[in-house]
Amino acid sequence: MASIRLQDLRRRLYVKAKADKDWRFWGLYVHVAKPETLRDAYDLAKRNNGAPGIDGVTFEAIEVAGVDAFLAQLRDELVARTYRPLRNRRVEIPKDDGKKIRVLGIPAIRDRVVQGALKLILEPIFEAGFHDGSYGYRPKRKAHDALARVTKAILGGKMQVIDLDLAAYFDTVRHDLLVGKVARRVQDAEILHLLTLMLKASGKRGVPQGGVISPLLSNISRTRFGRSTRFSGAGVSTFASATRTGISRRWTRMSTPSW
């Protein structure tokens, strides 16, 4: 659970973002590098556990050496602007009964902590603007909520369903467009630079499936898709890369989004 001061900051960021949709936030980087933010990010990463990254460092090794020293080192690098994320460790796992391969990018624990700290600060800003019918990778929302929304639309007379799925979505996100979308709400060069470093660690394109901040970034990237999918009287429900849209028999065109 986030510290009281961090909870208050996140609440204030959300309220401001909700009240003023054109406001661009600045002075955020200092909050990413604060000890309490890094500590909360570490606790969240440890709770999720997971395998080590490319450096082979485990949570057990960090605990033995001392968490305070580990976090102090990260903070020093962030404050001195010398922090550089390591390459993600690539792990291939089969899907569709072994017919296809999904590639995961596993960040080192140190980088998971920094990603988590950045997510803690950015998340409330962008949560305020996400479509109400979006459920994937969002706090206090789950797949069953998305299904309930579709069911409600059907019971309301929207008997036709359009089923959309964005193929290889995590792998195809363009970094320049994503950073540009973040910059529409964040006027902080250090935040944008840190985000760019994280994206480059995953390659020239896409966000790693396995990164702490990747779900938030994917939702930011596809926000325009949710807004450009316009139907007359539609009940749009999205979860991750899938979209279910209940519509009446008379509906308007769906515009094609640009990533």
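User: What does the accessible surface of the protein come to, and what share of it belongs to carbon and sulfur atoms?

Analyst: The accessible surface comes to about 14,100 Å², and 55% of that area belongs to carbon and sulfur atoms; such areas come from the Shrake-Rupley method with a 1.4 Å probe, and for residues only the protein chains shown count as cover. This is a predicted model, in which local features need pLDDT of at least 70 and side-chain atom pairs count only at pLDDT 80 or more, while totals for chains, interfaces and linings use all residues. Residues are numbered from 1 along each chain as its sequence is written, and side-chain values use heavy atoms, with hydrogens and water left out.

User: What percentage of the 259 residues of the protein count as buried?

Analyst: Of the 259 residues, 44% count as buried, a term that means under 20% relative accessible area, with exposed meaning over 50% and partly exposed lying in between (1.4 Å probe, protein chains only).

User: Why is E77 called buried?

Analyst: E77, whose place is in helix α5 (residues 67–79), has a relative accessibility of 15% and therefore counts as buried. Setting aside residues up to four places away in sequence, E77 touches T82, Y83 and R110, where contact means heavy atoms within 4.5 Å.

User: What makes L74 buried?

Analyst: L74 is also found in helix α5, and its relative accessible area is 2%, which is why it is called buried. Beyond its neighbours within four places in sequence, L74 is in contact with Y83, R110, V113 and V114. The C-alpha atoms of L74 and P35 are 9.5 Å apart in space, although the two residues are 39 residues apart in sequence.

User: Why does L9 count as buried, and which residues is L9 in contact with, leaving aside its neighbours within four places in sequence?

Analyst: L9 sits in helix α1 (residues 4–19), and its relative accessibility of 11% is the reason why it counts as buried. Its contacts, with those neighbours left aside, are H31 and I121. L9 and I121 are 112 residues apart along the chain, yet their C-alpha atoms are separated by 8.3 Å.

User: What percentage of contacts between residues at least 6 apart in sequence join residues at least 24 apart?

Analyst: Among such contacts in the protein, 73% join residues at least 24 apart.

User: Why is E190 called partly exposed?

Analyst: E190 lies in helix α10 (residues 189–200), and its relative accessibility of 31% places it in the partly exposed class. Residues up to four places away in sequence not being counted, E190 touches Y29 and R81. The C-alpha atoms of E190 and W26 are 9.6 Å apart in space, while the two residues are 164 residues apart in sequence.

User: Where is the place of R81, and why does R81 count as partly exposed?

Analyst: R81 is in the loop between α5 and β1, and it counts as partly exposed because its relative accessibility is 41%. Its phi is near 60 degrees, a positive value in a residue other than glycine.

User: In which loop is N49 found, and what makes N49 partly exposed?

Analyst: N49 belongs to the loop between α3 (35–48) and α4 (59–65), and a relative accessibility of 42% makes it partly exposed. Although N49 is not a glycine, it has a positive phi of about 55 degrees.

User: How many bridges join strand β1 to strand β2?

Analyst: Seven bridges join β1 (residues 89–95) to β2 (residues 100–106), and the two strands run antiparallel; two strands pair if DSSP finds at least two bridges between them. R90 stands opposite G105 in β2. The hairpin of β1 and β2 has four residues between the strands, and in it D96 takes a positive phi near 55 degrees.

User: At what angle do helix α9 and helix α11 pack?

Analyst: Helix α9 (residues 175–183) and helix α11 (residues 214–221) pack at about 85 degrees, with their axes 9 Å apart. That angle makes α9 roughly perpendicular to α11, the classes being roughly parallel under 35 degrees, roughly antiparallel over 145, roughly perpendicular from 65 to 115 and oblique for the rest. Axes are lines fitted to C-alpha atoms, for helices over the stretch in contact, and angles run from 0 to 180 degrees between N-to-C directions. L178, K181 and V182 of α9 make the contact with L217, I220 and S221 of α11. These residues divide into four nonpolar, one polar and one charged (Ala, Val, Leu, Ile, Met, Phe, Trp, Tyr, Cys and Pro count as nonpolar, Asp, Glu, Lys and Arg as charged, and the others, Gly among them, as polar).
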